[in-house]
Amino acid sequence: MKMAFLRNTWYVAARAQHVTREFLVRDILSEPVLMYRKENGEAVAIGNRCPHRFAPLSMGKLVGDAVECGYHGLQFDCSGACVLNPHGDGKIPRNAAVKTYPIVERYGFIWIWMGSPEKADPSLIPEFSHLADPKFTSVGDEMIQEANYELVVDNLMDLSHAMFLHADYQKTDMFLTAKHDVEQIGNSLHSRRVVPGTKPPPSFKSSLEDPDQPVDYWLNVRWDAPGLCVLDIGVVSAGRPQEEGIRRYGTHLVTPETEYRTRYYYASSRNYRLNDKKADEELQKWQEVGFHQQDKPMIEAVQNMMGEATDLLSMKPILLSVDGASIRARRILNQMVAAEQEEKQLAP
Amino acid sequence: MKMAFLRNTWYVAARAQHVTREFLVRDILSEPVLMYRKENGEAVAIGNRCPHRFAPLSMGKLVGDAVECGYHGLQFDCSGACVLNPHGDGKIPRNAAVKTYPIVERYGFIWIWMGSPEKADPSLIPEFSHLADPKFTSVGDEMIQEANYELVVDNLMDLSHAMFLHADYQKTDMFLTAKHDVEQIGNSLHSRRVVPGTKPPPSFKSSLEDPDQPVDYWLNVRWDAPGLCVLDIGVVSAGRPQEEGIRRYGTHLVTPETEYRTRYYYASSRNYRLNDKKADEELQKWQEVGFHQQDKPMIEAVQNMMGEATDLLSMKPILLSVDGASIRARRILNQMVAAEQEEKQLAP
Amino acid sequence: MKMAFLRNTWYVAARAQHVTREFLVRDILSEPVLMYRKENGEAVAIGNRCPHRFAPLSMGKLVGDAVECGYHGLQFDCSGACVLNPHGDGKIPRNAAVKTYPIVERYGFIWIWMGSPEKADPSLIPEFSHLADPKFTSVGDEMIQEANYELVVDNLMDLSHAMFLHADYQKTDMFLTAKHDVEQIGNSLHSRRVVPGTKPPPSFKSSLEDPDQPVDYWLNVRWDAPGLCVLDIGVVSAGRPQEEGIRRYGTHLVTPETEYRTRYYYASSRNYRLNDKKADEELQKWQEVGFHQQDKPMIEAVQNMMGEATDLLSMKPILLSVDGASIRARRILNQMVAAEQEEKQLAP
């Protein structure tokens, strides 16, 4: 059985700078979505399929803020309503409309709501304020993973793979020894690890005033369904509050394009070596090697081994202690999807 | 549900000059058909699958007018009968035969009958005599469309798309204002438009004696199921009979290769600027731009939006006034297919 | 209905020289198999799918004789058992194991048993001792056929196709006239043809002391299910025992990778012109032309004509006298598979 997608939630539809007066088309939860900006700069997302003869509206053009279908010239406004029929008596046929999607522009992303529009509350977008915070410098990009999105999320929720898959970059025994708490708050998961009074790890060492002084070293992860993760890794002089430390936030935003294809947005934000191109390059190198050359082939190989299956748990994997967070995330997501499906069946 | 193909009808199997003493293989209604010419020049069409081990006969060779299978040497004559078994006692096994298809060579095409051979009446081939008329000069070619054939036919039956998809070539408001009659005669549709006493359109202007004189400008379309269309577009001095005018016939012949792949033959025949290479080039340019660069991507994008579906109407499109002819054609075709299927079930 | 694979039998998994300290992965009966050699040189075959998160073990590395998964570092030994869990308390989860396959290295091949391990009796490997016999010189290679393995076996069991498909190399009327006996011994088929007192065929002529003397010319084939064939073709002075003659053994070993993809290993072994490079080149040329350029396109075209079907007989081919051996082989195989399936259902 295929698992339904979670619909009443915010997904990243695109990076904000990619939505312009040129059409941008994306599959999101297997639906074709067309994005562009109105003349006043506001972003818009509507269904990309003309209701007349199913032409992709993206093959047409913008006429002001409306979209003109390239096949027969019907025009649709930003609400999805047909506003011009150039044929015959020009009457607009009943039902001549395309879907429209609530969107919000925040943190440099266009967020889209794929569920019931009346439930689209912008305050439900989790907080990623470091992305817009001038005290941080961020570098990031996006990529396609030819795999089910839950496999991508598993990879993020399970940091133990770094010791093996990313051994060249991330060799550390911290994750073998650190105490690991996982707490559920609402539908969010918060995982926290801290190694008190230890030697600073190489990637922070050169940015510390006194690299020989012991530090508290932490790694926290927050997950929101279905695939919004932020990692918070940092060091502070032993015994001092984390707010005084230097840290990197890793932002990982996972959007299902289809069951088997995932768009994955990532960024690394640091509050040290600000505007330092060399630091940017080091982090971009890590993203290229770690995410593109190591994670992606592994995740896609796992999907390939699973064939057409998407539900890992239905295939009865053996479970290790390191799977706690990812399994918990899968279970929360399953419950949320099941609740949504049930609600849908009860709807009048 | 997949719609069956109409079988008791003539399809274009190939352009006549492509059928030679070299084998030509074409999928037609998802059947593999092998064509060649006999030593006396007569064209032949038989099934391409050897009944012994299912080798494509096209991997064999001609021995006189018979086809020798390249795997084990069975020979089949033009009637599809096995006429030589080179093995053992040489006895021809019962049922050792391939399908044979009635064909007719006419108007520069090989026409094939995919239904019951006893019903294959050559007089049922619609008339396209302009293709062989010395008073006309024709230019044409063929192409593949990766889409269901009915989408290709829709495109032909619906000229209003020219104003948008072919706006650069065909900008005109004629279709917005002209009276439009559609008449059904038997299973043929005849659509007629005329704009009386108007300015001659650019493509005819330079061929008129007095380009400033008003003309009657017409556009007629004839459709025969499932996909044989002829457009007749022309101008004549206002008030004079169409026979005196200059005109172009557009011939559009659509053959399903499979449910999702269509071979589309087209030609433009004119009774002015005869043997004028520049006129040929202008028309070929239009065919290249209009059919290959504009229609084909749009039609294939529509099929892509429809996924595995082939029946547009089952997807509940909204309908416009301009869809009258194409919807009528779809309905006639549906009735003809249904009648054929019913007859098949009643057959002893 | 898809036919099950025969499991309790030996298949060739790889040529021995290809199994090294580098991982070799092969699909065999649609299962992913990982092969490598232990430090002592012994070959090993285990399942390639980690039971934890289904990563291909081939993306990991060897640690001594154990395989370390590249994703999370679980280690498996040659018996398939998990022997190291680097996470948490290091406890090995129950069921943490991959499949292991009995293998035997013989005649230059790694033979694998895909059925119940307790039935894996090495003495069931048919005899191909000419491959290791210093009195013979062998040349061979392997190839992929994008077709069901039974179509590849049909081709081997049916030598009559040589007169047509390989007419340029193998033109002979021997197979039209020679008496042909087929005998079943256990589940093996033995086909024997002999032409007594005839002119020596070209490929042997130059290696005979007196090429004008009449010879007895034979061609024997042995088949073991599902696809292990050896052809024995030779000549001897008329009336003398075959042991005194010169001969070539053609070894043809067919392993299903999936239903629609077959790996085919072949070799030609001769007891004349030993270590003669020119003779090697002649045979390699024949293998290249006959197997790669002629058999492979034909067999793949047949599969293509059969679509998704794999059981030729279910498609009711007409049968010729030359199909006796291949049909008999298919029937024996069908019985063996049916017996195996029945036994499986009766198992507690």
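Which residues does G80(B) touch, not counting residues up to four places away in sequence?

Guide: The model is predicted. In it, with residues up to four places away in sequence left out, G80(B) touches I46(B), A96(B), A97(B), V98(B) and T100(B). The residue sits in a loop of chain B, between β7 (75-76) and β8 (82-84). Its relative accessible area is 1%, so G80(B) counts as buried. As for H52(B), 28 residues away from G80(B) along the chain, the two C-alpha atoms are separated by 13 Å.

On the side of chain C that touches chain B, the elements giving two or more residues are α1 (149-157), α2 (162-165), α6 (277-306) and α7 (324-346) of chain C. Of these, α6(C) gives the most, with seven residues. By residue class, this side of chain C divides into 19 nonpolar, five polar and four charged residues.

The extent of the contact can be stated in residues and in area. Chain C supplies 28 residues and chain B supplies 24 residues. The area buried between the two chains is about 2200 Å², and carbon and sulfur atoms give 69% of this area. Within chain C, the residues that lose the most area to chain B are F164(C), M305(C) and I318(C), which together account for 35% of what that side buries.

Chain B also holds salt bridges within itself. D27(B) pairs with R261(B), their closest N and O atoms lying 3.1 Å apart. This pair links distant parts of the chain, 234 residues apart: D27(B) is in strand β2 (residues 24-28) and R261(B) in strand β17 (residues 261-270) of chain B. D27(B) is partly exposed at a relative accessible area of 30%, and R261(B) is partly exposed at 23%. Strand β17 of chain B also carries R263(B), while E142(B) lies in strand β11 (residues 137-145) of chain B, so their pairing ties together parts that are 121 residues apart in sequence. The side chains of R263(B) and E142(B) meet in a salt bridge at 2.8 Å, N to O, and both residues are buried.

In chain A, a network of salt bridges links R15(A), R26(A), D27(A), D141(A), E142(A), E257(A), R261(A) and R263(A). One pair in chain A is R261(A) with E257(A), whose closest N and O atoms are 2.7 Å apart. R261(A) is partly exposed, with a relative accessible area of 23%, whereas E257(A) is buried, with a value of 4%. Over all chains, the count comes to 84 salt bridges.

Finally, the relation between copies may be described. Chain A is superposed on chain B by a rotation of 120° with 0.1 Å of shift along its axis, at an RMSD of 0.0 Å. The two copies are therefore related as by a three-fold rotation axis. In chain A, the C-alpha nearest this axis belongs to E308(A) and lies 11 Å from it.

Technical notes: Residues numbered from 1 in each chain as written. Chains lettered and ligands numbered in written order. Predicted model: local features only at pLDDT ≥ 70, side-chain atom pairs only at ≥ 80, totals over all residues. Heavy atoms only, no water. Contact = heavy atoms within 4.5 Å. Buried area = accessible area lost by both parts, 1.4 Å probe. Helix = DSSP H or I, 4+ residues; strand = E, 2+ residues; numbered from the N terminus. Nonpolar A, V, L, I, M, F, W, Y, C, P; charged D, E, K, R; others polar. Buried < 20%, exposed > 50% of the residue type's maximum accessible area, 1.4 Å probe, protein only. Least-squares fit on C-alpha atoms with pLDDT ≥ 70 in both. Salt bridge = Lys/Arg side-chain N within 4 Å of Asp/Glu carboxyl O.
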